[in-house]
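Please keep the sequence and the model in view while reading.

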Amino acid sequence: MNIQVALDRLTREECFQILEDTGSYVDWIEIGTGVIKEYGMAIVRDIREKYPDKTIVADMKTCDAGKHETIQAFDAGADITTVMAFSADKTITDTLEVAESRGKRVMIDLLGVSENKRIRELQELGVSLVSLHIGKDMQETGESTGSLFDLIQGISGLETAVAGGITLETLPGIVENNPDTVIIGSAITKAADPAEAAMAMKGLIKE
Ligand SMILES: O=C(CO)[C@H](O)[C@H](O)COP(=O)(O)O
């Protein structure tokens with residue numbers, strides 16, 4: 001099971017410091033949407049240059065202009081780019097085509113999806129990687145990642161990631177559901193000691 005560290009609501013310097021501190025405990029590096037909005041594709045390029053062996057996820061959250069944004073992410077060095085599940089089917093297939101032509105991947109963000117009908121449709125379009133996701137704002141209303149796994153009940157053949165306010169305390173319940181990747185943002189990046197937090201999470205996953 002991979003740990004994907006999500007770099008959100010951080011300055012450029014903070015992103016690099018967190019990667020310096022936690023790099024040996026995390027498998028995938030997510031450059032968050034807000035960080036990309038602040039620093040553009042340049043920060044994806046710079047992180048790629050410094051971490052040539054890590055899997056880099058550009059959290060582009062694309063919902064239109066699929067071809068263009070996917071090319072932007074991959075040209076900057078991302079291995080995976082994110083696309084919203086509610087996007088038009090044409091947007092989804094355009095992004096998948098770009099990814100396939102470059103040997104890269106698209107992660108479909110299921111934020112807001114409440115029925116597995118859409119997930120089955122996405123699979124028919126060729127999607128192989130999805131992220132179950134409770135967004136930042138809905139985390140404040142008390143929604144948690146636990147129930148998200150119901151969405152993919154009875155669906156096989158999908159690689160899954162899960163995100164949304166995961167902490168060291170909630171991680172065991174997530175791990176029970178055996179996702180391929182756990183995406184952790186604030187619980188690492190806003191911890192008093194990010195390295196210690198990442199190490200504890202890595203240890204828990206390995207148990
Ligand atoms: O995509 C995201 C926000 O849209 C974050 O990457 C994801 O929610 C993980 O961060 P956190 O653990 O802080 O919720």
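In this model, which is predicted, helix α4 passes helix α5 in a right-handed crossing. Helix α4 covers residues 66–75 and helix α5 covers residues 89–102. The angle between them is about 35°, and their axes lie 8 Å apart.

The residues that bring these two helices into contact can be picked out on both sides. From α4 come Gly66, Lys67, Thr70, Ile71 and Phe74. They meet Thr91, Asp94, Thr95, Val98, Ala99 and Arg102 of α5. Sorted by class, the contact of α4 with α5 holds four nonpolar, four polar and three charged residues.

A second pair of helices involves α1, residues 12–22, and α10, residues 194–206. These two pack at an angle of about 50°, and the distance between their axes is 8 Å. That angle makes α1 oblique to α10. The crossing of α1 and α10 is right-handed. In this contact, Ile18, Asp21 and Thr22 of α1 meet Pro194, Ala195 and Ala198 of α10. By class, the residues joining α1 and α10 are four nonpolar, one polar and one charged.

The next stop is the ligand. Which residues come closest to the ligand? They are Ala6, Ala163, Gly165, Gly185 and Ser186, out of 16 residues that surround the ligand. Two elements, strand β8 (181–184) and helix α9 (186–189), each supply at least two residues of this shell. The shell around the ligand divides into six nonpolar, six polar and four charged residues.

What remains is the chain as a whole. How many helices and strands does the chain have? There are ten helices and eight strands. Along the principal axes, the C-alpha atoms of the chain fill a box of roughly 45 × 35 × 30 Å. The radius of gyration of the chain is 16 Å. A compact globule with 207 residues would have a value near 17 Å, so the chain agrees with what a compact globule would give.

Conventions. Residues numbered from 1 in each chain as written. Predicted model: local features only at pLDDT ≥ 70, side-chain atom pairs only at ≥ 80, totals over all residues. Axes fitted to C-alpha atoms, helices over the stretch in contact; angles between N-to-C directions. Helix = DSSP H or I, 4+ residues; strand = E, 2+ residues; numbered from the N terminus. Parallel < 35°, antiparallel > 145°, perpendicular 65-115°, else oblique. Left-handed = near helix turned anticlockwise from the far one by under 90°. Contact = placed C-beta atoms within 7 Å. Nonpolar A, V, L, I, M, F, W, Y, C, P; charged D, E, K, R; others polar. Near = placed C-beta within 6 Å. Rg over C-alpha atoms; globule rule 2.2 N^0.38 Å.
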